[in-house]
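Here's a quick briefing to read with the model open beside you.

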Amino acid sequence: MEKSTRNLKNLKFYVHTFGCQMNENDSERIAGILSTAGGKISSSPEESDIIIVNTCAVRKKSEEKLYSYLGRLASSKKKKKRTIGVVGCVAQLYGPELLEKKSFIDFVLGPDNYNLITEIIQSNHEEKFASTSWSREYKEIPHEKIFRESNISAYVTIMEGCNNFCSYCIVPFTRGREKCRPLQKITQEIQNLANKGYKEIQLLGQNVNSYKDPETEKDFSVLLKEANRIIAIEWIRFITSHPKNFTKNIAETMKGSEKVCHQLHLPVQSGSSSVLKRMNRGYTREEYLEKITFLRDLMPDISLSTDIIVGFPGETEKEFKETLSILEEVRFNNIFSFRYSPRPFTGAYKEKDNVSFEEKKRRLIEVQNLQKKIQLELNESTIGKVMKVLCTGKSKKAPRIYSGRNEGYQVVNFKSKNDVIGCFVDVHITSCGPYSLHGEATKQ
Ligand code: SF4
């Protein structure tokens with residue numbers, strides 16, 4: 001690599017993020033590294049000297065969105081000379097190929113290479129640069145360097161990568177195999193957040209339930225208990241859980257740790273055992289439902305959400321109907337639903353993508369309409385109740401209305417005469433829609 005020739009001091013940078021919470025947290029880490037080196041974070045790509053695009057490869061659609069965004073950046077680069085870096089999952093997947101295809105990109109870095117970012121920018125991109133090397137160990141970026149979007153709720157990454165190879169999923173090829181972060185580093189970061197006044201933390205990983213401290217082998221339940229002991233943090237959440245690795249012990253720890261929210265995202269993906277087998281998910285419909293029953297017996301107030309894929313190769317109408325019936329049976333509080341799209345390298349990529357686009361579209365609409373009805377019914381049952389809400393800001397649509405989330409992670413918009421941003425507020429629910437609850441703070 002070139003010797004440093006450019007000082008980052010006072011250069012403006014902008015980070016654009018596609019994808020999940022892991023990517024959001026990575027972008028916060030990248031922003032932290034660049035601002036520690038003297039860069040100034042900017043909210044506008046047009047005004048910036050450096051643009052970092054953090055990418056998602058999980059669905060074909062997310063890649064398409066990226067290419068259209070990159071197209072816009074290419075034209076903006078003609079007007080102003082700037083450094084453009086592409087990082088994250090698409091960067092990992094295509095590496096130097098991306099530099100060849102899109103000549104306006106200056107560097108490409110996979111998720112294990114963010115610690116190189118300052119050096120590359122300082123080298124003034126005389127030569128294009130790509131690094132997509134893997135590490136077998138979790139690469140620590142000092143938590144003091146993270147530039148957090150919120151000063152109320154913070155993401156804390158506990159592990160990265162995945163060993164599961166679900167047949168539709170590209171993650172093991174973009175994030176690599178599981179790498180767990182030392183427990184001590186995680187609790188130090190949480191303690192630091194508590195000292196800064198954060199109220200809520202969200203533990204992140206592709207499969208948090210398989211967490212094991214690399215030194216002591218202490219598992220995810222121990223981590224939850226340790227986090228629960230940290231004073232000042234009031235709510236603890238975690239994502240994502242794999243149903244196969246979600247044990248009774250974890251559920252009991254959730255119940256026994258008063259700060260761990262009674263909220264769980266447990267991706268089922270399909271309600272059909274035969275589709276789940278082809279997806280290589282490692283559980284059947286019946287096993288999934290058993291876990292839901294156990295959870296609800298233990299924590300009757302638990303709020304559940306899930307992911308659904310429709311139109312997986314070979315998914316018959318009968319198998320699709322089983323997905324509709326699992327939605328009716330579980331009555332999730334929220335779902336994230338997608339049309340299947342083949343991803344390179346995955347097991348299912350070799351299968352014929354034989355459910356037509358029109359049919360996938362129809363199935364997705366059917367899933368979403370059913371879920372909308374269920375959510376509206378569940379939300380209506382909360383009218384008249386008072387619930388604790390962590391206020392994170394003002395509503396985007398109505399600036400005089402406050403917004404936050406309840407313990408179940410539902411959006412609650414409410415009226416308050418006092419400025420309550422960053423506070424826990426008791427909200428009396430007066431009305432709702434399928435996607436949010438509305439109410440008034442009880443103490444005005
Ligand atoms: S558990 Fe399956 S869906 Fe989740 S990241 Fe791993 S391979 Fe992908």
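Helices H8 and H9 run roughly parallel to each other. Their axes are 9 Å apart and pack at an angle of about 10°, and anything under 35 degrees counts as roughly parallel. Keep in mind that this is a predicted model.

**Helix packing**

- For orientation, H8 covers residues 220-228 and H9 covers residues 248-256.
- On the H8 side, the contact uses Phe-220, Ser-221, Leu-224 and Lys-225, while H9 brings Asn-249, Ile-250 and Thr-253.
- Sorted by class, that H8 and H9 contact comes out as three nonpolar, three polar and one charged.
- There's another pair to look at: H11 (residues 285-298) and H12 (residues 317-330) have axes that come within 12 Å and cross at roughly 10°.
- That crossing angle makes H11 roughly parallel to H12.
- H11 puts Arg-285, Tyr-288, Leu-289, Ile-292 and Arg-296 into the contact, and they meet Glu-322, Ser-325, Ile-326, Glu-329 and Val-330 of H12.
- The class count for H11 with H12 is five nonpolar, one polar and four charged residues.

**Nonpolar cores**

- The largest nonpolar core has 66 residues, and Leu-203, Phe-220 and Phe-238 are the ones that touch the most other members.
- There's also a second, separate core of 24 residues, with Phe-18, Ala-57, Leu-73 and Ala-74 among them.
- Leaving aside residues up to four places away in sequence, Phe-238 touches Leu-203, Val-208, Asn-209, Phe-220, Leu-224, Phe-246, Met-254, Val-260 and Leu-264.

**Around the ligand**

- Which residues are around the ligand? They are Cys-162, Asn-164, Phe-165, Cys-166, Tyr-168, Cys-169, Val-171, Pro-172, Gln-206, His-242 and Arg-281.
- By class, that shell splits into seven nonpolar, three polar and one charged residues.

- Look for Pro-111 in the loop between strand E5 (107-109) and helix H5 (117-122).
- Is Pro-111 buried or exposed? Its relative accessible area is 9%, so Pro-111 is buried, the cut-off being under 20%.
- Not counting residues up to four places away in sequence, Pro-111 touches Gly-88, Cys-89, Gln-92, Glu-160, Thr-174 and Arg-175.
- Pro-111 and Thr-132 sit 21 residues apart in sequence, and their C-alpha atoms are 7.7 Å apart in space.

**Backbone spots to check**

- Ile-239 and Thr-240 are joined by a cis peptide bond, with omega at about 5°.
- Thr-240 belongs to the loop between strand E11 (235-239) and H9.
- Asn-10 isn't a glycine, yet its phi is positive, near 70°.
- You'll find Asn-10 in the segment before strand E1 (12-17), and at 56% relative accessibility it counts as exposed.
- Tyr-409 has a positive phi too, about 70°, although it is not a glycine.
- Tyr-409 lies in the loop between strand E16 (402-406) and strand E17 (411-415).
- With a relative accessible area of 26%, Tyr-409 is partly exposed.

Definitions and conventions. Residues numbered from 1 in each chain as written. Predicted model: local features only at pLDDT ≥ 70, side-chain atom pairs only at ≥ 80, totals over all residues. Heavy atoms only, no water. Near = heavy atom within 4 Å. Nonpolar A, V, L, I, M, F, W, Y, C, P; charged D, E, K, R; others polar. Core = buried A, V, L, I, M, F, W, Y, C linked by side-chain atoms within 4.5 Å. Buried < 20%, exposed > 50% of the residue type's maximum accessible area, 1.4 Å probe, protein only. Contact = heavy atoms within 4.5 Å. Axes fitted to C-alpha atoms, helices over the stretch in contact; angles between N-to-C directions. Helix = DSSP H or I, 4+ residues; strand = E, 2+ residues; numbered from the N terminus. Parallel < 35°, antiparallel > 145°, perpendicular 65-115°, else oblique.
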